[in-house]
Amino acid sequence: MKVIAHISDLHFGTQDKAVAAVLLRDLHAATPDLVVVSGDLTQRARSGQFRAAREYLSRLPQPRLVVPGNHDVPLFDVFSRFALKLRRYQAFITRELNPFWHCDGLVVLGLNTARSATWKEGRISARQMAMIRQRLCGLPDGTFRVLVTHHPFVPPPDDPQSRVVGRSRLALAELERCGVDLLLAGHLHRAYTGETRTHYVERKHSILVVQAGTAVSRRVRTEPNAYNLLEVEPASLTLQVRQWNGSEFLTSSVSRWQKIGNSWQLVRPQV
């Protein structure tokens, strides 16, 4: 079994210092095998915000896999948005925009879905489709495969018209062929989980979807700050949503999923 801590949408520049401090303690107590950060490290991609984000990331448990979000691309400075794009992110956080990590049957690929031309929305490129095939196909049986993006593949259950990552259907065809098990993302500041066939009814295989709320930002949207703790095995996943209650992070729900054939099935509903 491997434990993944999934945090997202830190938005340094709008962070709640008390929440951020307690989150660090909570993550270290969880002793995860990997910390995944699914984008929006900053609020406006400014150097000072990236410095604060870098300092915070350095205090998280290791190893870490980090992808950028649309807020990590400059917005109001149009020249920087197109000329610099993610250069500040690369200078302060990591030069790798599509990181890869693997250890003992767990493989995790991160893809940068942030784009300058469509600042808020994101998409997956043809080059990244090839990266999916290269990194996630042809692995030994029993390998648990995870894809991390900032933009979601599946909208919230109560807002089915919400925008999803561009070229999602093309990417899902590749992900199915490679036997990917899990999609982690953020962007919407909403914590929810499900499987891909609820939105893509034509697909023959299901892939689990786990969305994270905002970890430490004051920019919450109807939900408290939260993060996810996932226990993964070759054919099962247990998800804890850890939610801020004003003084600490507590488990607000637990769900367990089992892979049976080509389908992920909820065997222990969220409680």
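**Nonpolar cores and aromatic pairs**

Tyr-227 counts as buried because its relative accessibility is 0%, under the 20% cut-off. The model is predicted. The largest nonpolar core has 34 residues, and a second, separate core has 23.

**Cores**

- Within the largest nonpolar core, the residues with the most contacts are Ile-7, Leu-23, Val-37, Tyr-56, Leu-60 and Ile-93.
- Two or more residues of this core come from each of β1 (2-7), α1 (17-30), β2 (34-38), α2 (47-58), α4 (87-92) and β10 (226-233).
- The element that gives the most is α1, with six residues.
- Apart from neighbours within four places in sequence, Leu-60 is in contact with Ile-7, Leu-24, Leu-27, His-28, Val-35 and Val-37.
- The second core of 23 residues includes Val-36, Val-108, Leu-182 and Trp-257.

**Aromatic pairs**

- The count of aromatic pairs is six.
- One of them joins Phe-144 and Trp-264 edge-to-face, at 6.1 Å centre to centre with 65° between the planes.
- Phe-144 belongs to strand β6 (residues 144-148) and Trp-264 to strand β13 (residues 263-268), so this pair ties together parts 120 residues apart in sequence.
- Phe-144 and Trp-264 are both buried.
- Tyr-227 and Phe-249 also form an edge-to-face pair, with 5.6 Å between centres and 70° between the planes.
- Tyr-227 is in strand β10 and Phe-249 in strand β12 (residues 249-260), 22 residues apart, and the pair links these distant parts of the chain.
- Phe-249 has a relative accessible area of 2% and is therefore buried.

**Other ring contacts**

- Phe-50, Tyr-89 and Phe-92 make up one aromatic cluster.
- Arg-135 lies over the face of Phe-100, 4.2 Å from the ring centre.

Notes. Residues are numbered from 1 along each chain as its sequence is written. This is a predicted model: local features need pLDDT of at least 70, side-chain atom pairs count only at pLDDT 80 or more; totals for chains, interfaces and linings use all residues. Side-chain values use heavy atoms; hydrogens and water are left out. A nonpolar core is a set of buried Ala, Val, Leu, Ile, Met, Phe, Trp, Tyr and Cys residues joined through side-chain atoms within 4.5 Å. Buried means under 20% relative accessible area, exposed over 50%, partly exposed in between (1.4 Å probe, protein chains only). Helices (H or I, at least four residues) and strands (E, at least two) are DSSP runs, numbered from the N terminus. Contact means heavy atoms within 4.5 Å. Rings of Phe, Tyr and Trp (its six-membered ring) pair if their centres lie within 6.5 Å; planes under 30 degrees apart count as stacked, over 60 as edge-to-face and the rest as tilted. A charge sits over a ring if NZ of Lys or CZ of Arg is within 6 Å of the ring centre and within 35 degrees of the ring normal.
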